[in-house]
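Colleague: I am new to this model and would like a close look at one part of it. Could you walk me through a helix pair, with some of the setting around it?

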There are 2 protein chains.
Amino acid sequence: MILGSFSFFESVAIFSVLGIAFIGLAYALILRGQVLSAEVGDDQMRKIWEGIHQGAETYLDRQWKSIRLLIGFLVFVLFASAWIVNPSQEAIDQFGGMARLAIALGRAGAFLMGATFSSLVGRWGMRMAIQGNLRVAAAAKKNDYAKALKIAYRSGTITGMLTDGLGLFGGTLIFILFGKAAPDALLGFGFGGTLLALFMRVGGGIYTKAADVGADLVGKVEKNIPEDDPRNPAVVADLVGDNVGDCAGMAADIFESYEVTIVSALILGLALWHLTGDLKWIVFPLLVRGIGVLSSVIGTYFVSGEGKKQNPMASINRGFYTSAAISIFGFGLIAIIYMHEWRAFASTLAGIVLAIVIDKLTEYFTDYDKPPVASIARSTKTGAATTILSGIAVGLESSVWAILAIVLTILAAVGIYWGQPTAFILYGIAMTGIGMLTLTGNNVAMDSYGPIVDNASGIGEMAKFPQAAQTILAKLDATGNTTKAITKGVAIGSAVIAAVSLFGAFITDVQKINPHALASGIRISEPIVFVGLLIGGAIPFLFSSLLIKAVSRTASAIVNEVRRQFRELDLMKPGSKPDYAKPVAICTAAAQKELLPIGAIAVLVPIVIGLLLKEESLGAFLAGVILSGQLLAVFMANAGGAWDNAKKYIEVGNYGGKGSDAHKASVVGDTVGDPLKDTAGPALNPMIKVMNLISVIIAPIIVSLKSSPFVFVFIALLLGVIAWAILQGKKETVDMDFGP
Amino acid sequence: MILGSFSFFESVAIFSVLGIAFIGLAYALILRGQVLSAEVGDDQMRKIWEGIHQGAETYLDRQWKSIRLLIGFLVFVLFASAWIVNPSQEAIDQFGGMARLAIALGRAGAFLMGATFSSLVGRWGMRMAIQGNLRVAAAAKKNDYAKALKIAYRSGTITGMLTDGLGLFGGTLIFILFGKAAPDALLGFGFGGTLLALFMRVGGGIYTKAADVGADLVGKVEKNIPEDDPRNPAVVADLVGDNVGDCAGMAADIFESYEVTIVSALILGLALWHLTGDLKWIVFPLLVRGIGVLSSVIGTYFVSGEGKKQNPMASINRGFYTSAAISIFGFGLIAIIYMHEWRAFASTLAGIVLAIVIDKLTEYFTDYDKPPVASIARSTKTGAATTILSGIAVGLESSVWAILAIVLTILAAVGIYWGQPTAFILYGIAMTGIGMLTLTGNNVAMDSYGPIVDNASGIGEMAKFPQAAQTILAKLDATGNTTKAITKGVAIGSAVIAAVSLFGAFITDVQKINPHALASGIRISEPIVFVGLLIGGAIPFLFSSLLIKAVSRTASAIVNEVRRQFRELDLMKPGSKPDYAKPVAICTAAAQKELLPIGAIAVLVPIVIGLLLKEESLGAFLAGVILSGQLLAVFMANAGGAWDNAKKYIEVGNYGGKGSDAHKASVVGDTVGDPLKDTAGPALNPMIKVMNLISVIIAPIIVSLKSSPFVFVFIALLLGVIAWAILQGKKETVDMDFGP
């Protein structure tokens, strides 16, 4: 145990952090009780809701079945990998003769813990969201705006607190158990979390957009019936999609970001401990996280619908700024009384500022009061083509400013630790990552709030609520669109920050095995290293292409099924009953099929690059993945968000309003944006981190491996699997059913 | 003079290369005579043609006026820059006390020569294309297919031979004059050529697509009249655009690629001379280029329309493969009798293979017989949104394979020179660039052929040719679409190859001033260097966004003008006369306005990055520009090409043919693709190279500069200009005229 090296104060502090993790989880449990005790509404509502509930649970069960073999296999591989490379000196210091076994258990166990936590945050969060949306609808039906808002936000807060609590608990526990030898286990923890998040994002993203696009193409476009109309057989699948994509997928993704930032901060903190002999570098990020969780607990509790004006955004923001103020005050206090150093505090603050700047940038480029969306809305007047072009221009530009914000933050960290060894600079960058995700509790609460009110509004429409109730739900829903956009920007930004700081871990890990490797760092001026950069840059393009195709493929299957039902069951006739279960089953099966190829590419490509081109090219490969991944992800998220809001701008009555030619053009923009912003874009975030972590994990193995026929056979095998995966993803759209 | 160091054979060889350059130019002159002696058709045709001719000439005159001050200023700066840094040892060896003056004259003079040549190739090439298109139309009117094809291809070949001749002449001359000290002048030569090409691509690209989109939006969409209908006031502007964009812009761009590859090969050849004492490394690329020009002369002359079948593509390909066979045979011969070395030959061959692979990839992703375009065409059945999405997926995927082809070529060069010092590997990579552009004469001929037959077909339609004549023109035109797509892929691929090999020059240049600088290469594992990579990656996104906006802005102005004319001049009434000159004037003025901001960003951003973050970050910045530039450029070119051909696929009668809903969706795809494939995508190629060359030129200055208040004021000034340029580019679309 590491704790012997700590002062009394430090030991108390670390156990307090563990305690705060439990406070967060307990808070989630209390909120759960509050939400569940609320009224659930009448039978009609519950019947609709039961379909959503069942569909979502079934989906996650099936997903788990699809990936459990892979997870089991990886647990085995990680366990066995401890015998390929000799244990590090730190592990021997810590565990003596048991070092190898301890590493094996740590790596495999932490991986499993990361995967399980990520999966649990997604599943429990989604479950609470589904419980919440029924009760929000019930409260709205009684015209109780304040209660509806409160339930919606608190249901979301449960997910936020699960993220905070499990993330903080896992990292701290590993650190207490493994001490100096923690990096191995921490990397496993991060890898497990991100891999699960990747599956949740990919599966959920395909599900939600295929159902959405499929339902709209037949319902809104061909049959001219409104969204969420109960006659549309895909309407339940669409609502299920909101839950598995926007709730479960998003929650797992943010959990993973939360994890990876603490993993990199702890690894770099350990490096500084070696350098300075001072433990405070490790304790500081844990304390910062602890304070962040406490301030989220307090801030989120203040959000309620009381007060004169019915302005949900103002209530939510009040909670956010309360948390932010408490956090910053707390960090400053620790810097003074414990760190005796302003730099770590300043880097954390830079991260908080970055999160706010990214929020504002996202808002500027996607909010419908701002010039970019206005320019897209104006271009709808000349048709769909100009609408698409102006959206592309807006998206491309937004990624430039987002990357500039990240650049300035990294430069700030460099400036703050100016003149210190590189290890300090990397630590500073890792702390900006911690700062960015300080208010994860609030962010996730805000984000989950979106699909909860969206579903509640859907239930209201399907159960034909009175107008007043529907107005309350519409008001809550409009805010949901804004809150959802913000979290994506922060998540992808944190990927870049975490990746930059993990470069340090990458090099250190390699040099533990071979002190001469990477002596000059990662030099893209070497052609073979530059090649790694080029391949890495292409990966996000490949991923996005495969995901867009997967959505199109699945959406075509839904369109066929919905058209068949309209034709065979004569659904436009009053009294006819659509078969909601069939589209749900199609989406569930189709999304599963895409998981393994995508997962195989994410895990195997870095391994092949490392084995073929060696560790330095692998480092450059990562840089390429990060660069083009960040640019594409922000482009897709913001272009999609901007098109969505341009459509909303027209729907409130501008340029001819609903039904006009301008509106039709804006619908094209929105439909193009959907898979970009909700499937391909969000999946790039965990993809970047999966590749990053697997590279750091395998780098020591690559360095110690001698080339042998066995290695070449192995590479050939992996290349075969990758080729299979790409061919799976390239399969063409199913043939469309154009009826008899 | 360097020639004293050469053997007799080598001296003869080098002057023979100079002679071949003149043979190429003489061949161009002969072809010019042949084309001009052909019949020019009747008065009606000539009147239409006169408008195109005038508009295009006026545009280039105005463009030259817009940029001549900047060119003059840069000539001055380059001249003066010789006094900032001490002359290199090579320059002192070569010119003694006159070294500084020689460098100043070389740099500034070569820059001016590069800019002038690039501009001349564009202007003369375009002029011959315009002369050609009238005569092609006249031949078609007489139902003479063979003559029409021959004139079209030979008019294009003139541009090809100008590119070859002037490119070979310039590089060889500089080398003869400056010898060991040539790199400085060669960089100036490359910079001048690329900067002019950037202006031609940007100005021409905005012009051609604004006119095209503007003409179509009112003519085809609102008034339901065919493309090239003489009642459309923007029809002449549209035809002028084809010439200034697809002829002049393209020719200048390929000329610049041709130049930059020889510049990097000569610079790296000089480095090997230092290393081995052997001059053959410099002579070889010149000989390869000479043989390439000769084989293009022979191969292109064999292209004619004689023979039983009227298949233009087969005739053109026969010429291409004749040239390729002669080249490869010649290279092999030189390798045996002169080089006594297989490696340089093998790398050149790898380049030829890469050019063919990129051709095939482009064909696969954009040809309408192949699965990707078929999948886009199929998705038109579910509307514009799915059409756009499948095009985006196709474009994203195509960029992955293109980069993989480049990666394999670089790896081939690394493998060929395995075990040799890095300087040899870089030389090998530079030789693959030379190989890629060996058949530039044929490529440019094929590419120019496109707009020539397009214009001829336009003239035929406006002058109401009989059906048989129009059929001949349509057949020629269909081939033009394929040949145009191919050149773009090769041009952008060569940018990456040239850039990778120029990394070597970048480091050598810096170390001449400070031997300790960049001792470890360019390490992206350093945060401040990684920041350079991130900023570089964002630049192509910024560029593309600004260019798409510029097209939209100009197209809106054209739409307003065309609507005004239709309304005020009552153009749908027989006998009314549209004012063709006004849209031409609008496009001319608007395209000019965009040149300076775009040029300022391309030239100044690398300087600011270098001054602020120093040489290592500047190197990473370049890598970022290259990576995301290549990915975006191929994405845009191929997505655009695929949408274009999906529309053509439907127009020949599939999925309901012209006028169906599927066709309308395909028109949206085509319109979105237009500015991507003809404005933003092609402009990225010279942009990458401008940034590359300016970085290599300023790197020695940056290394020798001490930080002083003056430097900071200078940086602030440059940042101000860049901010102004971005704001210019961000300006919103003009308000649309929706009539009274």
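**A helix pair and its setting**

Modeller: Happy to. Of the 740 residues that make up chain A, 68% count as buried. Please keep in mind that this is a predicted model. Chain A has 19 helices and zero strands. Its radius of gyration is 25 Å, close to the 27 Å that the globule rule gives for 740 residues, so chain A is as compact as a globular protein of that length. Along the principal axes, the C-alpha trace of chain A spans about 75 × 60 × 45 Å. Among the contacts in chain A with a separation of 6 or more, 85% are between residues 24 or more positions apart.

Ser501(A) lies in helix H15 of chain A, which covers residues 467-513. With a relative accessibility of 1%, Ser501(A) counts as buried, because the cut-off for that is under 20%. Leaving aside neighbours within four places in sequence, Ser501(A) touches Ser264(A), Leu268(A), Leu426(A), Ile429(A) and Ala430(A).

Now to the helix pair, which is in chain B. In general, two packed helices are described by the angle between their axes and the distance between the axes. Here the partners are helix H9 (residues 312-339) and helix H14 (residues 440-462) of chain B, whose axes come within 10 Å and cross at roughly 165°. An angle over 145 degrees counts as roughly antiparallel, so H9(B) is roughly antiparallel to H14(B). The crossing of the two, H9(B) and H14(B), is right-handed.

Which residues do the touching? From H9(B) come Pro312(B), Met313(B), Ile316(B), Gly319(B), Phe320(B) and Ser323(B), and they meet Asn442(B), Asn443(B), Met446(B) and Tyr449(B) in H14(B). Sorted by class, this contact of H9(B) with H14(B) has six nonpolar, four polar and no charged residues.

Two loop residues in chain B are worth a visit as well. Asn224(B) sits in the loop between helix H6 (182-222) and helix H7 (235-276) of chain B. The phi angle of Asn224(B) is near 55°, a positive value in a residue other than glycine. Asn224(B) is exposed, with a relative accessible area of 68%. Tyr655(B) is found in the loop between helix H17 (581-651) and helix H18 (661-704) of chain B. For Tyr655(B), phi is near 45°, again a positive value in a residue other than glycine. Tyr655(B) is partly exposed, its relative accessible area being 29%.

Note on methods
Residues numbered from 1 in each chain as written. Chains lettered and ligands numbered in written order. Predicted model: local features only at pLDDT ≥ 70, side-chain atom pairs only at ≥ 80, totals over all residues. Heavy atoms only, no water. Axes fitted to C-alpha atoms, helices over the stretch in contact; angles between N-to-C directions. Helix = DSSP H or I, 4+ residues; strand = E, 2+ residues; numbered from the N terminus. Parallel < 35°, antiparallel > 145°, perpendicular 65-115°, else oblique. Left-handed = near helix turned anticlockwise from the far one by under 90°. Contact = heavy atoms within 4.5 Å. Nonpolar A, V, L, I, M, F, W, Y, C, P; charged D, E, K, R; others polar. Rg over C-alpha atoms; globule rule 2.2 N^0.38 Å. Buried < 20%, exposed > 50% of the residue type's maximum accessible area, 1.4 Å probe, protein only.
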